There are 2 protein chains.
Amino acid sequence: MPRREPSRSGRFSYDGLDRVVHEKARLGILTSLATYSDGLSFNDLKDLCSLTDGNLSRHLDVLREAGLIEIHKDFHKRRPQTTCILTPEGRERYLSYIDQLTHVVRDAAPERPRTAPQTGELGHPTDLAPA
Amino acid sequence: MPRREPSRSGRFSYDGLDRVVHEKARLGILTSLATYSDGLSFNDLKDLCSLTDGNLSRHLDVLREAGLIEIHKDFHKRRPQTTCILTPEGRERYLSYIDQLTHVVRDAAPERPRTAPQTGELGHPTDLAPA
């Protein structure tokens, strides 16, 4: 059996897709917080991400415990308000995740489907016209 | 309290991120199968996605039950071989997912962080220089 190209092993394992960030609701929360760099109130996050109170709370806890966000409680117009903001580490992990996501999108470019490799010859797919 | 811009509600909910496709290992499997449009053997998939036999089997079952892939069992050089291939529906759902992923990457462009909205004024963030 011919040897495989070692560089092909794990080609689509996407190890850089941080599971804390990848979860769909948390991805929305982090993208909101990356967009609004001064932070967002609990209610604005709930609205932007279409989440229930319970769901948002649960995901914010995960993100805070992982060190990706900080949660501040203060008052706005005499009413208690919870504000969430990305930590520097959170921004870094988020951007590194997005970098990996860019690779996925690039890999998925439908312009270049390939023929099936012969087993053991994954290193040499042949480009074809679109299926 | 002023009315919110309705268009901002759910802005980051990413409803199009199909959960069947979004799971990290399955995203790797589907990207492999989208890349090799004639299908891939079980062993090649295992290698490309760095998955164990058990993990790969489990995810292939989920994808087959959802109608995204077909699994064929035949012989290759007198040895039994399992081949997986994307169905037309699978390709469509995968590409629609990737389309949504492109929106996430675009939303995440770090060049344009915004100031925090005043609560109730999410429709009018102000663009700032990068933080």
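In which helix of chain B does His59(B) lie? His59(B) belongs to helix 4 (residues 53–65) of chain B, where helices (H or I, at least four residues) and strands (E, at least two) are DSSP runs numbered from the N terminus.

Colleagues, this is a predicted model, in which local features need pLDDT of at least 70 and side-chain atom pairs count only at pLDDT 80 or more, while totals for chains, interfaces and linings use all residues. Residues are numbered from 1 along each chain as its sequence is written, chains are lettered from A and ligands numbered from 1 in the order in which they are written, and side-chain values use heavy atoms, with hydrogens and water left out.

His59(B) is buried, at a relative accessible area of 4%; buried means under 20%, exposed over 50%, and partly exposed in between (1.4 Å probe, protein chains only). Its side chain makes a polar contact with that of Arg26(B), at 3.2 Å. A polar contact is a pair of N or O atoms within 3.5 Å; within protein, one must be able to donate a hydrogen and the other to accept it, and residues adjacent in sequence count only if both atoms are side-chain atoms.

Arg26(B) is one of the buried residues of helix 2 of chain B, a helix with 12 of its 12 residues buried. At the start of this helix, a side-chain oxygen of Glu23(B) comes within 2.9 Å of the backbone nitrogen of Ala25(B).

Finally, confidence. The predictor assigns the complex an ipTM of 0.76 and a pTM of 0.79. Chain A averages a pLDDT (the predictor's confidence in each residue, from 0 to 100) of 83.
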